[in-house]
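Trainee: I am new to this structure. I would like a close look at a single part of it.

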Amino acid sequence: MRKNIHEIRWNPLIGTWIIVAGHRGARPWRPTEKPSEAKTCPFCPGSPETRDLGEWDVIVLPNKYPALKPSAYEPPKPVEDIYASMAARGYCEVLVETPKHTGDLHDLSMEHMLKVVKKYRDEYMRLSKIDFIKYVAIFRNKGKEIGVSLVHPHSQIYALPFIPPRIIVELDNFRRFYRERNECLLCHIIDLERERRGDNRIIYENRDFILVHPYYAMWPYELHIYPKRHVEAIDGLTEGELRSLADILRMTTAIYNGLFDRDMPYIMAMHNSPCDDDEYKYYHFHVEFYQPYRDRDKLKYRAGIETGFWVFTFDGNPEEKRKELRSSCFKVSDKLDHMGECVE
Ligand SMILES: [Zn+2]
Ligand SMILES: [Zn+2]
Ligand SMILES: [Zn+2]
């Protein structure tokens, strides 16, 4: 038996890669919710992980239990019959957003959040230059409801040797739309939403971005951030646009926490174009937020129909959910400094 098996296997039934990481089975579950437990937090200043870094406000650390490693071994070939595998080569990083143990993105000052956004961009640029990296996945998990074991504010970055299936599906749809209509799919959607009169789906807008509760949302409180200008990836944003992105990210997490006046869990996924040798001029950068609640005290679980069949049910009335998000926007905009406007 191979101990600590670590490789990427092809699932021929659905045509996707699976990362098999034996060493991650031993990952501890260590919630550090109380301030007194900050002592054991690996991201707090003074911990063994951060002790030698001097003064810092935003840092990137290697993931202690990485799903991918730059030095991963090549799995023995051939595997049986049609089964295929490849080395689990890649990078898994943790982007610690602040030395402060608790809080969310909107608890960071605008200037601090801008540093976080620039770090996302810098890591995207640095990792996408590595020859075997095909995709840089930037994401943020928050809340015990979705299995986050560390409360200290942080995002994660996976630099992958393949393009993730969800991105492949988006790329196919963007490419097809572009071929048929000679237009970007998301530019078209942005025009559609901005021209709408009545039951506006735009919740918040600043100079360069809109925050939308999409017509095609799969989760009741799903929110998407779209740049108004056509840009493929975060490295194409101007200095001013990075500032606007920092602003709209802060507003988004503030809106979530304002919904029921409590700390809310969510998943954030940045959808950038891939970084292999192909061209992706037809793709439009955006950020998606999924929130696991469907109401104040009701969680929406990804169960049989969602996991077993990839069919989503939107449990609720989209107009009502939008109303809740909008009133949270107006409420939090009184307290939080911001650059744009909540949309009526
Ligand atoms: Zn901490
Ligand atoms: Zn576009
Ligand atoms: Zn997307």
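Leaving aside its neighbours within four places in sequence, which residues is Pro265 in contact with?

Mentor: Start with a caution: this is a predicted model. Now to your residue. Pro265 sits in the loop that runs between α4 and β11 (266-271). Setting aside neighbours within four places in sequence, Pro265 is in contact with Lys142, Gly143, Glu145, Ile146 and Pro292. Asn141 is 124 residues away from Pro265 along the chain, yet the two C-alpha atoms are 7.7 Å apart.

Is Pro265 buried, exposed or partly exposed? Count its neighbours. There are 18 other C-beta atoms within 10 Å of Pro265. A buried residue needs 20 or more, and an exposed one has 12 or fewer. So Pro265 is partly exposed, with a count in between.

Asp261 has 10 C-beta neighbours inside 10 Å, so Asp261 counts as exposed.

Asp199 is placed between α3 (185-195) and β8 (202-205). Phi of Asp199 is positive as well, near 40 degrees, and Asp199 is not a glycine either. With 9 other C-beta atoms within 10 Å, Asp199 is exposed.

Helix α4 covers residues 239-259. It packs against helix α6, residues 318-333, at an angle of about 105 degrees. The two axes are 8 Å apart. That angle makes α4 roughly perpendicular to α6. On the α4 side, the contact uses Ala254, Ile255, Gly258 and Leu259. On the α6 side, it uses Glu324, Leu325, Ser328, Cys329, Lys331 and Val332. By class, that contact has six nonpolar, two polar and two charged residues.

Now place this within the domains. Domain 1 spans 6-160, and domain 2 spans 165-342. Over C-alpha atoms, the domain centres are 22 Å apart. The two domains touch: 26 residues of domain 1 are in contact with 30 residues of domain 2. Look at the domain 1 side of that meeting. Both α1 (110-128) and β6 (135-142) supply at least two residues there. The most comes from α1, with 10 residues. By class, this side of domain 1 divides into 14 nonpolar, five polar and seven charged residues.

Finally, the whole protein. It has six helices and 15 strands. Its C-alpha atoms fill a box of roughly 60 × 55 × 40 Å along the principal axes. The radius of gyration is 20 Å, which agrees with the value near 20 Å for a compact globule of 344 residues. Of those 344 residues, 36% count as buried. Consider also how contacts span the chain. Among contacts with a separation of 6 or more, 68% join residues 24 or more positions apart. Pro265 and Asn141, 124 residues apart along the chain, show C-alpha atoms separated by 7.7 Å.

Note on methods. Residues are numbered from 1 along each chain as its sequence is written. Chains are lettered from A and ligands numbered from 1 in the order in which they are written. This is a predicted model: local features need pLDDT of at least 70, side-chain atom pairs count only at pLDDT 80 or more; totals for chains, interfaces and linings use all residues. Domain bounds come from an automatic or database domain assignment. Two residues are in contact if their C-beta atoms, placed from the backbone, lie within 7 Å. Helices (H or I, at least four residues) and strands (E, at least two) are DSSP runs, numbered from the N terminus. Ala, Val, Leu, Ile, Met, Phe, Trp, Tyr, Cys and Pro count as nonpolar, Asp, Glu, Lys and Arg as charged, and the others, Gly among them, as polar. Axes are lines fitted to C-alpha atoms, for helices over the stretch in contact, and angles run from 0 to 180 degrees between N-to-C directions. Angles under 35 degrees count as roughly parallel, over 145 as roughly antiparallel, 65 to 115 as roughly perpendicular and the rest as oblique. The radius of gyration is taken over C-alpha atoms; the globule rule is 2.2 Å times the number of residues to the power 0.38.
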